[in-house]
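Open the model in your viewer and keep the selection panel at hand.

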Amino acid sequence: MSARAVSSRLPFIGAAGRHNRVPSPYPWLMPVILVMGLFYLYPVIDVFRYAFTDLTLLGGEGHYTLSTFANVLTRPELVQIVWVTFIFTAGSVVGQQLIGLAMALVVVRAEKRHLFGTTILRTTALIAWVVPGIAGGIIWKMLFNEAPFGGLNSLLRVLGMAPVQWLSDPDVVMWSVVLSNIWRGTAFSMVVMYAALKAIDPSLYEAAEVDGANGRQKLFFVTLPQLRPAILVNMILITIQTLNTFDAIISLTGGGPGRATEVLSLYTFNVVFRNYDLAAGSVLSILMLVISLGLALVYASFLPKDEKA
Amino acid sequence: MKLSSRDRLGDILSYAFMAVMFVFFSWPLIWLLSMALRTRKEVFLGVYRLIPKFPTLENFTMVLTSSQFPVYLINALKLSCLSAVGCLIIAAPAAYAFSRFDFKGKGAWMLGILAFQMISPLVIMVPLYRYMSRLGLIDSHFGTVMVYIALGVPMVTWLLKGYMDGIPKSLDEAALIDGCNRLSVFIRIILPLSTPGVASAFIITVIAGWSQFLVPFLLITKDSLVPIGVGIFQYAGTQNASTIQVLAAACLISVVPAIIAFLALQRLILSAMTAGAVKG
């Protein structure tokens, strides 16, 4: 059959059908482009527009102004909010990355030695990861219950230790929230680290052994350098995930006590949907975008140049 | 001999670490289950009655026979399944194009789609809430499903593209020579061969939809239309210390479907989700 005969039977490809091998991709991409354009691109552009207005959710068309920007960015509580966000994000990311890496290393070792329990451990961690944020917050609220019968305090009492004010002490509450977030998020890092460990070329270890490296040297001079790209990509993903966390905090502490756990996303939500201040919320949304983009670029600059995704 | 004793020490340390981690990850779930099975009296006995002496299913019956909870569950199931189907319909053709065609700016398109996932749903909900209320799509499952779809499309596109990459291109070429057009190659050959990929994408989107809170919390105000994520949040707000065991049962009921769906396809989902991060 000649090429012409084939192409005449390919009405879907249209004009590009003559070059049978390079049909136009755009009809295929159209649904995605439409959905992403309508629900992501256009709203994001509108967020930038709103930031230069004094719009509220109560109605009215609003006027263009630069003062919203200045007002929001000089709010006295913003410093506190950004600090809380930083502690929450840094604590969660470092905790998830370190514990995830440690679990992956131990699981790989345990599998090699045919130890019992690796599958149970992995599955349990993953179940925690699948738990929806709201439910996770409710579960941890039960554990942090400060009454003598609370899930952690009654355990402490059995061990003969003093109860902790998990959620009402402003100095403790942030670490409680970080702990609950590490519980929910670590499985992802563990799975990524596990897959990256399995992808390391075994001949590197053989070479290290020939050179007389011990276990610790193998870890620091072979394993960790080989994992670097995977660790950085994982850190980008979990940082953004953590910055956007909202439901797990709203159902655990609601941002309290006071503002002790009100992270930027929760604050933005409150500004828009509790105070109806659309313009101020848009400025805060831009701040969120800038922070995630900035952090992603910082991490990406540590990636080895030739392996950049 | 020295080596084997060191190995044994390593084994002991591995077991110790794994045991600590297992307790950390399982304790909240064990506690939830324990609470849900207790009577009101036993709740106050804390950890001493981790295994209740008088276990009861009454809390579950109470939740499941209440007037709202079954409705919340059905709403959540409907929203997450519809959005998963919608996601697949929209993402599958694009995934095929990304997998099979060479065109200018393909890498940029793919990264662009992925970059949208960095944006917090909260950011787009700020203007979307305004549009939706103007269009009268507040309290409509249709509007909510559309937003769910948009949130899921980037991930599903990448997932399906990755899966289709594993199907030999020679199949397409053979079918094209036999007179199929691209559309029928896609529908009759590639899609059926992608069933495992489609299934895991479907399950991932259903789980994500089941876990949704922000979008329905903002877009749905009528109690009869609310999905479980919002329902349980509002329910928790009305509870106090004397009904903690009922809340635990409700929470467990809301979590178990997601866990079952995940466990059913665990292997597929994990390999799909980590592929991107490891290649990077």
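Select chain A and chain B together: 84 residues of chain A are in contact with 78 residues of chain B, where contact means that the C-beta atoms of two residues, placed from the backbone, lie within 7 Å. This is a predicted model, in which local features need pLDDT of at least 70 and side-chain atom pairs count only at pLDDT 80 or more, while totals for chains, interfaces and linings use all residues. Residues are numbered from 1 along each chain as its sequence is written, and chains are lettered from A and ligands numbered from 1 in the order in which they are written.

Helices (H or I, at least four residues) and strands (E, at least two) are DSSP runs, numbered from the N terminus. The side of chain A that touches chain B has 65 nonpolar, 14 polar and 5 charged residues. Here Ala, Val, Leu, Ile, Met, Phe, Trp, Tyr, Cys and Pro count as nonpolar, Asp, Glu, Lys and Arg as charged, and the others, Gly among them, as polar.

Now hide chain B and colour chain A by secondary structure. Chain A has 13 helices and 0 strands. Its C-alpha atoms fill a box of roughly 85 × 75 × 35 Å along the principal axes. Of the contacts in chain A with a separation of 6 or more, 63% join residues 24 or more positions apart.

An unreviewed UniProt entry lists "transmembrane region" for several stretches of chain A, including residues 28-45 and 120-140; positions are given in the numbering used here, feature names are shortened, and annotations may be inferred rather than shown by experiment. Residues 28-45 of chain A are 100% helix and 0% strand, with the end C-alpha atoms 25 Å apart. Residues 120-140 of chain A are 90% helix and 0% strand, and there the end C-alpha atoms are 22 Å apart.

Finally, show chain B again and select helix H12 (residues 228-237) and helix H13 (residues 244-264) of chain B. Their axes, lines fitted to C-alpha atoms over the stretch in contact, come within 11 Å and cross at roughly 170°; angles run from 0 to 180 degrees between N-to-C directions. H12(B) is therefore roughly antiparallel to H13(B), a label for angles over 145 degrees. Which residues of H12(B) meet H13(B)? Ile228(B), Ile232(B), Tyr235(B) and Ala236(B) meet Leu247(B), Ala250(B), Cys251(B) and Ser254(B) in H13(B). By class, this contact has 7 nonpolar, 1 polar and no charged residues.

Methods
Parallel < 35°, antiparallel > 145°, perpendicular 65-115°, else oblique.
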